[in-house]
Amino acid sequence: KKVYRQEPVDVNLFVREVNAACSNDGGAESKLLVLDDVGGVRARKAAEVLICAGITNVVVVRGGANAWKAAWDGSMRRRQLPGFF
């Protein structure tokens, strides 16, 4: 049986790591997609922390990684979903 527990997050470390990762892509002005598995509370909390830290162009992906995986294939091409668009 797997047991998951919430680990405390060092918010300052999180923000520093995001800033370091984005520094080559426009820094605080670059668009940053934030997602968890379903676009829920964790993604919204992460986006809130980033916005409070001055990263203003933050987007929470609605539906999270599950929706992203359903909509895009491994080559980053949109999957052909049934129906008309």
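**Notes on a predicted chain, starting from one aspartate**

1. Let's start with Asp-37: its relative accessibility is 37%, so this residue counts as partly exposed. The cut-offs behind that label are under 20% relative accessible area for buried, over 50% for exposed and in between for partly exposed, with a 1.4 Å probe and protein chains only.

2. A word on what you're looking at. The model is predicted, so local features need pLDDT of at least 70 and side-chain atom pairs count only at pLDDT 80 or more, while totals for chains, interfaces and linings use all residues. Residues are numbered from 1 along each chain as its sequence is written, and side-chain values use heavy atoms, with hydrogens and water left out.

3. Which residue pairs with Asp-37? Asp-37 and Arg-42 meet through their side chains in a salt bridge, 2.8 Å from N to O. (The rule here: a side-chain nitrogen of Lys or Arg within 4 Å of a carboxyl oxygen of Asp or Glu.) Side chains of opposite charge can pair when their charged atoms come close.

4. Arg-42 has another partner too. With Asp-36 it forms a salt bridge whose closest N and O atoms are 3.9 Å apart, and Asp-36, Asp-37 and Arg-42 are linked in a network of salt bridges. Is Asp-36 buried or exposed? Asp-36 is buried, because its relative accessible area is 11%. Arg-42, by contrast, counts as exposed because its relative accessibility is 54%.

5. In the whole structure there are three salt bridges. One of them joins Glu-48 to Lys-45, with 3.8 Å between the closest N and O atoms. Both residues sit in helix α2, three residues apart, or about one turn of the helix. Glu-48 has a relative accessible area of 45%, so it is partly exposed; Lys-45 is at 45% relative accessibility, so it counts as partly exposed.

6. Now zoom out to the overall layout. The chain has three helices and two strands, and reading from the N terminus the order is α-β-α-β-α. (Helices are DSSP runs of H or I with at least four residues, strands are runs of E with at least two, and both are numbered from the N terminus.) Of the 85 residues, 24% are buried.

7. What makes up the largest nonpolar core? It has twelve residues: Val-15, Val-18, Cys-22, Leu-32, Val-34, Ala-43, Ala-46, Ala-47, Val-49, Leu-50, Ile-55 and Val-58. Three elements each give at least two residues to this core: α1 (11–22), β1 (32–34) and α2 (41–52). Helix α2 gives the largest share, with five. (Such a core is a set of buried Ala, Val, Leu, Ile, Met, Phe, Trp, Tyr and Cys residues joined through side-chain atoms within 4.5 Å.)

8. Leu-50 touches Phe-14, Val-15, Val-18, Leu-32, Val-34, Ile-55 and Val-58. Val-15, in helix α1, touches Val-49, Leu-50 and Ala-53, and is buried because its relative accessible area is 13%. Val-58 belongs to strand β2 (residues 58–60) and touches Leu-32, Val-34, Ala-47, Leu-50 and Ile-51; at 15% relative accessibility, it therefore counts as buried.

9. Val-58 and Lys-31 are 27 residues apart along the chain, yet 6.0 Å separates their C-alpha atoms. Val-15 and Ile-55 are 40 residues apart along the chain, with 9.1 Å between their C-alpha atoms. Across the chain, 58% of the contacts between residues at least 6 apart in sequence join residues at least 24 apart.

10. (Patches take residues with over 30% relative accessible area and no salt bridge, joining like charges within 9 Å and nonpolar side chains (Val, Leu, Ile, Met, Phe, Trp, Tyr) within 5 Å.) Trp-68 comes from helix α3 (residues 64–71) and counts as partly exposed because its relative accessibility is 32%.

Terms used: Contact = heavy atoms within 4.5 Å. Lists of a residue's contacts leave out its neighbours within four places in sequence.
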